[in-house]
Amino acid sequence: MGDPIVERSLDEIKFWSRIMKEHALFLSLGFTYEQTQLIAEAQQFITLFERIEEKLARFNVNSDIQQVKSFNNEVYQAAVAIWGYKRKVLGLTLRCEIRSNNYPLLVDHISREAAYFANRLKDLNEGKPAPEPDTIIQENLFFLKIMADHAKFIGHLLDPSERKLVDQAREFSHDFDQLVFQAIDLDSMRPQSETVPLLDQFLDQNRVSVVSLRDFKKTARELIEACRIKSNIHPLLADHTFREAERFLEIIDLFDSHLSGTKKGR
């Protein structure tokens, strides 16, 4: 078996580098034609993360850990750079210095994901494989907010005439907002709230909602790809949000495995 730090590093980079590249594409599509400098910067990030994906292909789970850590540092710099770009775009938008089709919440959302990616790489280079058991609540809180945002974006990008789908998206938005508030309450009760029964219930509840949202996204993606519904949702964006829901479910399963081990140990 390979080193767990190597294995996890390659997994994080494979998933999140593609996400970062797609973020740059989505931002570029949302800018207006005269915002050429911002579009050019987005294109530079697309190229940067494509190169990272090419370099990633040279590694495997048996690669030298020091070489992988060096690669992690390189990707960390790219993640920090795109985070800075996204925050710059957010500032320009909120100060009304630019007007584009990129919602401020969307720009903030994708910057949070860049920060998460950078922090994961930093943790891995410090010898902390993800996810750490004592971060169950905070990790879930991060992803619950991401899912809540997705539901809002879907609701706002669907054509208003798609009333049933818009209503479904609003219901998911409300459901995940409630889960976010619940996670915030549980987080404020730490460390006393970090008991196996409470965390077990927390993960089970989140899984049920994420599976429902994941299936809704899958259906929406298929309808969009087949041009069967009216929306401003790019097919790649539909697939992008679906993959992030799948990622959250994988992380819930990792935490659940840890809790199962804890229960057996007792």
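Trainee: What share of the 266 residues in the protein is buried?
Mentor: Buried residues come to 48% of the 266. Keep in mind that this is a predicted model.

Trainee: Noted. How many helices and strands does the protein have?
Mentor: There are 8 helices and 0 strands. Going along the sequence, the pattern reads α-α-α-α-α-α-α-α.

Trainee: And how does the radius of gyration sit against a compact globule?
Mentor: It agrees, because a compact globule with 266 residues would come out near 18 Å and the protein has 19 Å. Along the principal axes, the C-alpha atoms fill a box of roughly 60 × 45 × 35 Å.

Trainee: What about contacts, how much comes from residues 24 or more positions apart?
Mentor: Counting contacts with a separation of 6 or more, 83% are between residues 24 or more positions apart.

Trainee: Switching to the surface: how big is the accessible area, and what part belongs to carbon and sulfur?
Mentor: The accessible surface is about 13,500 Å². Carbon and sulfur atoms hold 53% of that.

Trainee: How many positive and negative side chains are there?
Mentor: You have 35 positive and 41 negative ones.

Trainee: And how far apart are the centres of those two sets?
Mentor: The two centres lie 2 Å apart.

Trainee: Where is Pro191 found?
Mentor: Pro191 sits in the loop that runs between helix 6 (163-188) and helix 7 (196-225).

Trainee: What's up with phi at Cys96?
Mentor: Phi there is positive, about 60°, even though Cys96 is not a glycine. Cys96 belongs to the loop between helix 3 (65-94) and helix 4 (104-125).

Trainee: What does phi look like at Cys227?
Mentor: Cys227 has a positive phi as well, near 55°, and Cys227 is not a glycine either. You'll find Cys227 in the loop between helix 7 and helix 8 (235-265).

Trainee: Is Cys227 buried or exposed?
Mentor: Exposed, because Cys227 has 68% relative accessibility and the exposed class takes anything over 50%.

How values were computed. Residues are numbered from 1 along each chain as its sequence is written. This is a predicted model: local features need pLDDT of at least 70, side-chain atom pairs count only at pLDDT 80 or more; totals for chains, interfaces and linings use all residues. Side-chain values use heavy atoms; hydrogens and water are left out. Helices (H or I, at least four residues) and strands (E, at least two) are DSSP runs, numbered from the N terminus. The radius of gyration is taken over C-alpha atoms; the globule rule is 2.2 Å times the number of residues to the power 0.38. Buried means under 20% relative accessible area, exposed over 50%, partly exposed in between (1.4 Å probe, protein chains only). Contact means heavy atoms within 4.5 Å. Accessible areas come from the Shrake-Rupley method with a 1.4 Å probe; for residues, only the protein chains shown count as cover. Lys and Arg count as positive and Asp and Glu as negative; His and the chain ends are not counted. The place of a charge is taken as NZ of Lys, CZ of Arg, CG of Asp or CD of Glu.
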